[in-house]
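The following note is intended for a colleague who is meeting this structure for the first time. Its points are numbered so that they may be taken up one by one.

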Amino acid sequence: MLVFFEQRLAFLATPKTGSTAIAAALESLAAVSIQRPPLLKHTTVHRYRRFIGPYLEAASKDSFTLVALMREPKDWLGSWYRFRQREETEAGKSTRGMGFDDFVRAWCQDPRPDFADVGSQARFLRPRQGQGVDRLFRYEEIDGFVHFLEERLGCEIILPRLNVSPPGATELSAETEALLREVAAEDFALYATLTP
């Protein structure tokens with residue numbers, strides 16, 4: 001999470017949406033940069049609105065614009081699946097030796113097994129009650145997000161490629177794709193509201 005106090009801007013680091021690269025490019029400009037532990041780096045909109053946002057607004061006597069990125073839901077799960085294929089992933093969370101179809105089916109279970117327990121973008125970005133993110137951008141159109149940041153922060157931004165998931169096949173059977181669309185209906189609906 002990054003906070004740009006003077007510009008009254010806060011960036012939520014949605015997992016698997018380029019947040020490591022964004023932090024590397026912008027951390028020196030931020031008044032506050034929370035990179036560790038992952039629980040704090042990836043502060044949800046609910047936690048921000050309940051704890052951090054009120055503190056910032058009381059300190060500044062002004063409102064902040066809260067921004068984040070969202071990735072197409074199947075692609076987001078594909079990134080998690082490939083990320084957990086890495087050799088250094090601990091045994092219980094590894095997806096090595098497993099197909100993407102099996103990973104997605106496991107993600108659709110309740111409760112989810114550890115290797116598929118990666119949360120939901122809709123739950124991260126939109127609380128059950130209260131206000132969500134002010135400006136939500138598609139990860140797939142990250143150039144639009146960078147342009148927004150350049151205008152808001154008054155500088156050129158060049159994002160490095162960091163924490164990129166390894167390549168891998170992410171095809172789904174029609175049956176699994178239908179199951180995913182049912183279980184992740186909130187995620188697909190939220191993504192559909194974002195203008196390309």
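1. Residue classes. Ala, Val, Leu, Ile, Met, Phe, Trp, Tyr, Cys and Pro count as nonpolar, Asp, Glu, Lys and Arg as charged, and the others, Gly among them, as polar. On this basis the lining of the largest pocket divides into 15 nonpolar, 15 polar and 13 charged residues.

2. Basis of the note. The model is predicted: local features need pLDDT of at least 70 and side-chain atom pairs count only at pLDDT 80 or more, while totals for chains, interfaces and linings use all residues. Residues are numbered from 1 along each chain as its sequence is written, and side-chain values use heavy atoms, with hydrogens and water left out.

3. The largest pocket. The space in the largest pocket amounts to about 1,100 Å³. Among the 43 residues that line the largest pocket, Pro-15, Lys-16, His-42, Trp-80 and Asn-163 are the closest to its centre. Two or more lining residues come from each of α1 (19–26), α2 (38–41), α4 (73–83) and α6 (121–125); α4 gives the largest share, 5 residues. A pocket is found on a 1 Å grid over the protein atoms alone, as an open set of points where a 1.4 Å probe fits, with protein on both sides within 12 Å along at least five of seven lines; lining residues have an atom within 4 Å of a point. Grid points are joined across faces, edges and corners, and the volume is the space filled by probe spheres set on the points.

4. The sheet. An open sheet of 5 strands has the order β3-β1-β2-β4-β5, with mixed pairing. The edges are taken by β3 (32–33) and β5 (135–138), each with a single partner strand, so one side of each lacks a neighbour in the sheet. Helices (H or I, at least four residues) and strands (E, at least two) are DSSP runs, numbered from the N terminus, and two strands pair if DSSP finds at least two bridges between them.

5. Strand pairing. Strands β1 (residues 2–4) and β2 (residues 9–11) run antiparallel and are joined by 3 bridges; Leu-2 has Phe-11 in β2 as its bridge partner. Between β2 and β4 there are 3 bridges in the parallel sense, and Ala-10 stands opposite Leu-66 in β4. The pairing of β4 with β5 is also parallel, over 4 bridges, with Leu-136 in β5 as the bridge partner of Ala-68.

6. Which strand is largely enclosed by the rest of the structure? In β4 (residues 65–70), 6 of the 6 residues are buried, so this strand is largely enclosed. Thr-65, Val-67 and Leu-69 are buried on one side, and Leu-66, Ala-68 and Met-70 on the other. Buried means under 20% relative accessible area, exposed over 50%, and partly exposed in between, with a 1.4 Å probe and protein chains only.

7. Aromatic pairs. The structure holds 10 aromatic pairs. Trp-76 and Trp-80 have ring centres 6.3 Å apart and planes at 85°, so this pair is edge-to-face. Both are buried, and they lie 4 residues apart in helix α4, about one turn of the helix. Phe-137 and Phe-148 have ring centres 5.2 Å apart and planes at 45°, so this pair is tilted. Phe-137 is in strand β5 and Phe-148 in helix α7 (residues 142–153), so the pair ties together parts 11 residues apart in sequence. One aromatic cluster is formed by Phe-11, Phe-137, Phe-145 and Phe-148. Rings of Phe, Tyr and Trp (its six-membered ring) pair if their centres lie within 6.5 Å; planes under 30 degrees apart count as stacked, over 60 as edge-to-face and the rest as tilted.

8. Backbone features. The peptide bond from Arg-36 to Pro-37 is cis, with omega near -10°, and Pro-37 lies in the loop between β3 and α2. Another cis peptide bond joins Asp-110 and Pro-111, with omega about 5°. Lys-16, in the loop between β2 and α1, has a positive phi of about 60° although it is not a glycine; Lys-16 is buried at 11% relative accessible area. Lys-61 has a positive phi of about 55° and is exposed at 75%.
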